[in-house]
Amino acid sequence: MIEKRFGVRFRSNYLAAWLTERGYSPQKPETPAVERDNPAIARWFAEDWPRILKKRATRRRTSS
């Protein structure tokens with residue numbers, strides 16, 4: 001990608017060192033899981049997450 005975009009070629013070992021010297025680290029983006037079910041995740045956030053937060057807030061109030 002660097003070579004295509006900037007016309008500069010780096011060897012992978014040198015690139016890692018070059019990035020590290022400048023405060024960056026070579027990273028690969030995470031690939032999303034094939035099994036990911038976005039509608040189920042949205043439903044969980046809409047239905048279960050508020051209930052969990054409410055229960056947690058109640059516990060904090062009673063334990064203080």
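**A quick tour**

The chain exposes about 6700 Å² of surface, and 54% of that comes from carbon and sulfur atoms. Keep in mind that this is a predicted model. Here's the rest, topic by topic.

**Fold and overall shape**

- You'll find three helices in the chain and zero strands, so the radius of gyration is worth a look: at 23 Å, it is well over the 11 Å that the globule rule gives for 64 residues, which means the chain is more spread out than a compact globule.
- Following the sequence along, you read the pattern α-α-α.
- Along the principal axes, the C-alpha atoms fill a box of roughly 60 × 35 × 15 Å.

**Charges**

- The side chains include 15 positive and 7 negative ones.
- The centres of those two sets sit 7 Å apart.

**The largest pocket**

- There's about 240 Å³ of space in the largest pocket.
- Its lining includes Met1, Ile2, Glu3, Arg5 and Phe6.
- Val8, Arg9, Phe10, Leu15 and Trp18 line the largest pocket too.
- Helix H1 (2-6) and helix H2 (12-21) each supply at least two of the lining residues.
- H1 gives the most to that lining, with four residues.

Definitions and conventions:
Residues are numbered from 1 along each chain as its sequence is written. This is a predicted model: local features need pLDDT of at least 70, side-chain atom pairs count only at pLDDT 80 or more; totals for chains, interfaces and linings use all residues. Side-chain values use heavy atoms; hydrogens and water are left out. The radius of gyration is taken over C-alpha atoms; the globule rule is 2.2 Å times the number of residues to the power 0.38. Accessible areas come from the Shrake-Rupley method with a 1.4 Å probe; for residues, only the protein chains shown count as cover. Lys and Arg count as positive and Asp and Glu as negative; His and the chain ends are not counted. The place of a charge is taken as NZ of Lys, CZ of Arg, CG of Asp or CD of Glu. On a 1 Å grid over the protein atoms alone, a cavity is a set of points where a 1.4 Å probe fits but cannot get out, and a pocket is an open set with protein on both sides within 12 Å along at least five of seven lines; lining residues have an atom within 4 Å of a point. Grid points are joined across faces, edges and corners, and a volume is the space filled by probe spheres set on the points.
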